[in-house]
Amino acid sequence: MSWLWAIIVGLVLGLIAKAILPGKQRIPIWLTIICGMIGAALGNWAAAGLGIAETKGVDWGRHLLQLVGAVIVVAVGDRLWAVIRGRRSA
């Protein structure tokens with residue numbers, strides 16, 4: 001069940017990250033999910049480093065860091081995808 005949850009969170013964070021980034025991102029949905037999952041993992045790692053990984057109630061700080069991680073990873077993934085596919089230069 002944890003893999004299913006990771007995929008759902010990756011999808012949601014990836015789509016929100018694509019909506020936040022300016023312009024059109026041309027990465028496919030499967031790559032968006034993977035980037036969202038990696039961004040969530042990076043956000044969790046940063047939250048643990050800052051000491052806000054385990055709080056009572058809703059972990060808004062952790063969720064914000066997950067979103068920031070997803071935005072960064074989706075932006076980098078989009079650029080790499082474009083370079084690999086030859087659509088535009090980095």
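Trp 81 is buried, at 17% relative accessibility. Here buried means under 20% relative accessible area, exposed means over 50%, and partly exposed lies in between (1.4 Å probe, protein chains only). The model is a predicted one: local features need pLDDT of at least 70, side-chain atom pairs count only at pLDDT 80 or more, and totals for chains, interfaces and linings use all residues. Residues are numbered from 1 along each chain as its sequence is written, and side-chain values use heavy atoms, with hydrogens and water left out.

A pair of aromatic rings is described by the distance of the centres and the angle of the planes. Rings of Phe, Tyr and Trp (its six-membered ring) pair if their centres lie within 6.5 Å; planes under 30 degrees apart count as stacked, over 60 as edge-to-face and the rest as tilted. The count by this rule is 1 aromatic pair. It consists of Trp 30 and Trp 81, which are edge-to-face, with 5.9 Å from centre to centre and 80 degrees between the planes. The pair links distant parts of the chain, since Trp 30 is in helix H2 (residues 29-50) and Trp 81 is in helix H3 (residues 60-85), 51 residues apart. Trp 30 has a relative accessible area of 47% and is therefore partly exposed.

## Overall layout

The protein chain has 3 helices and 0 strands, in the order α-α-α from the N terminus. Helices (H or I, at least four residues) and strands (E, at least two) are DSSP runs, numbered from the N terminus. Along the principal axes, the C-alpha atoms fill a box of roughly 45 × 25 × 20 Å.

Of the 90 residues of the protein chain, 33% count as buried. A contact means heavy atoms within 4.5 Å. Among contacts between residues at least 6 apart in sequence, 60% join residues at least 24 apart.

## The nonpolar core

A nonpolar core is a set of buried Ala, Val, Leu, Ile, Met, Phe, Trp, Tyr and Cys residues joined through side-chain atoms within 4.5 Å. The largest one has 13 residues, of which Leu 13, Ala 17, Ile 27, Leu 31, Cys 35, Val 71 and Val 74 touch the most other members. Helices H1 (2-20), H2 and H3 each give two or more residues to this core, and H3 provides the largest share, 6 residues.

Which residues does Ala 17 contact, leaving aside its neighbours within four places in sequence? They are Leu 67, Ala 70, Val 71 and Val 74.

## Thr 32

Thr 32 lies in helix H2. Its relative accessibility is 0%, so Thr 32 counts as buried. Not counting residues up to four places away in sequence, Thr 32 touches Gly 10, Gly 14, Leu 15, Lys 18 and Ile 27.

## The surface

Patches are made of residues with over 30% relative accessible area and no salt bridge; like charges are joined within 9 Å, and nonpolar side chains (Val, Leu, Ile, Met, Phe, Trp, Tyr) within 5 Å. Leu 15, Ile 29, Trp 30, Ile 34, Ile 38, Leu 42 and Trp 45 form a nonpolar surface patch with about 740 Å² of accessible area together. H2 gives the largest share of the patch, 6 residues.

The protein chain exposes about 6,000 Å², and carbon and sulfur atoms supply 72% of it. Accessible areas come from the Shrake-Rupley method with a 1.4 Å probe; for residues, only the protein chains shown count as cover.

## The salt bridge

A salt bridge is a side-chain nitrogen of Lys or Arg within 4 Å of a carboxyl oxygen of Asp or Glu. The count by this rule is 1 salt bridge. Asp 59 forms a salt bridge with Arg 62, with the closest N and O atoms 3.2 Å apart. Asp 59 has a relative accessible area of 9% and is therefore buried.
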